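Here is a friendly walk through one protein model, from its strands and helices down to a few individual side chains. Take a moment with the view below, and then read on.

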Amino acid sequence: MLHRCVEIMLLGALGISIATLSSNAQASKPLARIGYVSANVAPAAPSFEAFRQGLQELGWIEGQNIALEWRSTAGQDELLPNLMTELLQHKVDVIVAGGPQATRAAKQATSTIPIIMIGGDPDPVAAGLIASLARPGGNLTGVATAPPELLRGKQLELLKEAVPGISRVAVLWDTSINTAELWRSIQEAARSLAVQIQRLDVADVNGLEGAFKASQGMGAEALLIMESPLFTLHRARIAELALDHRLPSMALFKRLAEAGCLMTYGPSEAALVRSAAAYVDKILKGAKPGDLPVELPAWFELVVNLKTAQALGLTLPTVLLFQADEVLR
C-alpha cells in the first residue's frame, strides 16, 4: 500500500514538472511581430482597433502571442521609407500596409517579409506589384480597392439622386497621390451621367481654402472628395468648408460622413481590416503570401449625414435614405 502511495506521489510530481516545463516553454516562445503602417494619427483609431479585434477573434492576443508595431505617416508619405526601415529593424514577421502608398513603400523595402495590403492599388497587377489576383506570387497579398470606374460612377449617381438637377461637380484632388488613371475613370463616369467635372487641386492643407473658393468660380453644385491621407486627416475642416460653400459632398469612407460630409459610399473600413487580420492569421500559421489570392472589397456601405443635409436645406429622397446602411442624425 505504501509502495502504491509513493508511486502515485512520484507520478504527480512528474506531471507537475512536465506541465511547468511546458508552461515555461510556451512563455519563452518569442512573440510574432506584426508591423502596421497607415495614415492614422493614433493607435486607437477605429480601423486599427478593428484590426486588433479581428486578430483577437482568431486567437492572436497582443502581449501573449503577438506584438504590434504601429506606425503612422500622419498624412506625410515622405516618412514611409524611414517607417519601413524601423519595422525591418524590429524584425517584424508581417507588414500590414494601409493604402497604396504604404503598400508600394513596403514592397520597395522588402522582397521577403510578407506584406498584407489594405485598400491597395485597384489594379495591383498593372501596377507591377503582383503576378495575378488568383496567385499573386512574391511576398504581397491582401485587399485591393474597387475598380474606380464602377465606384466613381456610383458616387456621382448618388450625388445626383441626393441633389436632383445638378450638372457641375467639383472634385477635391490631392496632387501628391491621385493619379491620371483615376482622373480618366472619373471623367468616364461623369460623361455617362451627363455631369461636368472640374478638379480642385490641393497639395497641402494650406491649399484647401483656395480650392473651395475656386469651386465658386466654376459654379460647382456638389463636391466629390478623393481619398487621401491629407483629406482624411483634415476631414472636419473639409466638411466645414463644404458646408460654408453650400456644397453637398460625397467621399469614400464613413469617417468623412461622421466628420460632417453629406454622404460617403465605399468599402467598409472595418471589413477591410478584418480581412487583413485573416490574412495575417493564415501567414502566421505557415501560409505563403504568394499563394493567397488578392481580394476585392466585398462590402460597400452608404452613409448619410442627415444633420448636414438639414444644414444645407436639402430634403433627401426617401428612397435614398432607405438605401443607406447608416443615417447619422
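This is a predicted model: local features need pLDDT of at least 70, side-chain atom pairs count only at pLDDT 80 or more; totals for chains, interfaces and linings use all residues.

Strand β6 (residues 168-174) and strand β7 (residues 196-202) run parallel and are joined by seven bridges. Within this pairing, V171 has R199 of β7 opposite it.

**The five-stranded sheet**

Another part of the fold is an open sheet of five strands, in the order β2-β1-β3-β4-β5, with parallel pairing. At its edges are β2 (66-72) and β5 (140-144), each of which pairs on one side only. From one strand to the next, the twist averages 15 degrees.

For a look at one pairing inside this sheet, take strand β4 (residues 115-120): five bridges join β4 to β5, and the two run parallel. Here G120 has A144 in β5 as its bridge partner.

Which helices lie across these strands? Helix α4 (residues 100-109) lies across β1 (32-38), β3, β4 and β5, and runs at about 155 degrees to β4. Helix α11 (residues 269-284) lies across β1, β2, β3, β4 and β5, with an angle of about 165 degrees to β4.

**Aromatic pairs**

How many aromatic pairs does the model contain? The count comes to six. Two of them are set out here.

| Pair | Geometry | Centre to centre | Angle between planes |
|---|---|---|---|
| Y36 and F48 | edge-to-face | 4.9 Å | 80 degrees |
| Y265 and F300 | stacked | 6.0 Å | 15 degrees |

The pair of Y36 and F48 links strand β1, which holds Y36, to helix α2 (residues 46-57), which holds F48; these residues are 12 apart in the chain. Both Y36 and F48 are buried. Ring pairs also bring Y36 and F48 into a cluster with F51 and W70.

Y265 belongs to strand β10 (residues 263-267) and F300 to strand β11 (residues 300-305), so their pair ties together parts that are 35 residues apart in sequence. Are these two partners buried or exposed? Y265 has a relative accessible area of 16% and is therefore buried, whereas F300, at 25% relative accessibility, counts as partly exposed.

**Two loop residues with positive phi**

K91 has a phi near 55 degrees, a positive value in a residue other than glycine. K91 sits in the loop between α3 (80-89) and β3 (94-98), and its relative accessible area of 65% makes K91 exposed.

R246 also has a positive phi without being glycine, with a value near 55 degrees. Its place is the loop between α9 (235-244) and β9 (249-251). With 47% relative accessibility, R246 counts as partly exposed, because the exposed class needs over 50%.

**The protein as a whole**

The secondary structure comprises 13 helices and 12 strands. Of the 329 residues in the protein, 47% are buried. Among contacts between residues at least 6 apart in sequence, 69% join residues at least 24 apart.

Note on methods
Residues are numbered from 1 along each chain as its sequence is written. Side-chain values use heavy atoms; hydrogens and water are left out. Two strands pair if DSSP finds at least two bridges between them. Helices (H or I, at least four residues) and strands (E, at least two) are DSSP runs, numbered from the N terminus. Buried means under 20% relative accessible area, exposed over 50%, partly exposed in between (1.4 Å probe, protein chains only). Contact means heavy atoms within 4.5 Å. Axes are lines fitted to C-alpha atoms, for helices over the stretch in contact, and angles run from 0 to 180 degrees between N-to-C directions. Rings of Phe, Tyr and Trp (its six-membered ring) pair if their centres lie within 6.5 Å; planes under 30 degrees apart count as stacked, over 60 as edge-to-face and the rest as tilted.
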